[in-house]
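Q: I have a new model open on my screen and I'd like to learn how to read it. Can you walk me through it?

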Amino acid sequence: MISLNLTVPLAVDFKNAADFFIIITNLLVATSSVVVVGSVVLGIVCKKTLRRQNRFIFMLNTSITDTLTGVGGYYIGLFDVQEGYPSRNGTYFILPSLLGVNVLTIMFAQLDRFLAVVYPYTYKRYITRTVAIEVCVFAWFYTYLTVAIQNLVSVEVAAKMNAYGILTFQAIIIAKVLMNVKLYLIAKYQISREPPGPERDSKKESLRLIIVVVVCFLALWTPRFYYIIVLQVTRSRYMFRNYASDPFSMMIRFTSTCTPGLYIWGSPALREAVLKTVWGRVCPPLRNK
């Protein structure tokens, strides 16, 4: 008689204080992600004036991926999970690939802000809300088409695809850094030439926000990226038992809290929507702030 063990073991054994610290920290990271980014999603969805602007479409897309990352953080942070070749109790790279959607969306958002500042007339004519939505859909389609192919081919082929994917993302990261620098230099010159007004303030706000978000995103994500590269080059095994005990993995998952938090901090319109539309229903005094 064949018996199937469908129970996924916990990430730690609870034999010392460090085990409790790991679980509590992972729970806090996952919960903060769900609460903060969930507020951003609801704030944008419930506010029609925000949904009409391209920059908030990109914010909504990254916030949806961050919400799913936060929810998935409960599984990764509580149980013995290690994605790789071979995986252990993995998600077939479904959860880690949310990061890929995020990277592509932020890159498209950078390009969107670049075109808005450098070519404002062309931007208004061609980069419509529909185009922004189509670009976001493409980020999901491309990422998970790649994941589906990796799950259907042999392990050797999938490992090679993963290696090429890492190289591609490395190129994207370099492009994001260069674009960030170029955005700052161009924006500083271009916006200074415009007359004071709401449109100028909106451009300054959105540019400052996307630059800060990219810098923060890179600071939290880069250590894990180079950690994986070192492991592959040296053909070493993972230093950490699983994702729950891996501080680099925890840093990546913390971006799901950090990014929406920066959105709220950097955008008065979004902050008002979150406080009044979302949290105002839970705590009525916030509606008057």
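A: Below we go through salt bridges, the core, a helix, cysteines and aromatic rings.

A: Before we start, this is a predicted model: local features need pLDDT of at least 70, side-chain atom pairs count only at pLDDT 80 or more, and totals for chains, interfaces and linings use all residues. Residues are numbered from 1 along each chain as its sequence is written, and side-chain values use heavy atoms, with hydrogens and water left out.

Q: How many salt bridges does the structure hold?
A: A salt bridge is a side-chain nitrogen of Lys or Arg within 4 Å of a carboxyl oxygen of Asp or Glu. The structure holds five. One of them joins Asp13 and Arg241, at 3.6 Å from N to O.

Q: Which parts does the Asp13 and Arg241 pair tie together?
A: Helices (H or I, at least four residues) are DSSP runs, numbered from the N terminus. Asp13 sits in the segment before helix 1 (17-46) and Arg241 in the loop between helix 8 (198-234) and helix 9 (247-266), so the bridge ties together parts that are 228 residues apart in sequence.

Q: Which residues have the most contacts inside the largest nonpolar core?
A: A nonpolar core is a set of buried Ala, Val, Leu, Ile, Met, Phe, Trp, Tyr and Cys residues joined through side-chain atoms within 4.5 Å. The largest one here has 44 residues, and Ile44, Met59, Trp221, Tyr263 and Leu270 have the most contacts inside it. Helix 8 gives the most to this core, with eleven residues. As for Ile44, its contacts (heavy atoms within 4.5 Å) include Phe56, Met59 and Leu270, leaving aside residues up to four places away in sequence.

Q: Which residues of helix 6 are buried?
A: An α-helix has 3.6 residues a turn, so residues three or four places apart point the same way. In helix 6, the buried ones are Ala132, Cys136, Ala139, Thr143, Val147 and Gln150.

Q: What about aromatic pairs?
A: A pair of aromatic rings is described by the distance of the centres and the angle of the planes. Rings of Phe, Tyr and Trp (its six-membered ring) pair if their centres lie within 6.5 Å; planes under 30 degrees apart count as stacked, over 60 as edge-to-face and the rest as tilted. A search of the whole structure finds eight pairs. Among them, Tyr75 and Phe79 are tilted, at 5.6 Å centre to centre with 40° between the planes. Separately, Phe108, Phe138 and Tyr142 form one aromatic cluster.

Technical notes:
Helix = DSSP H or I, 4+ residues; strand = E, 2+ residues; numbered from the N terminus. Buried < 20%, exposed > 50% of the residue type's maximum accessible area, 1.4 Å probe, protein only.
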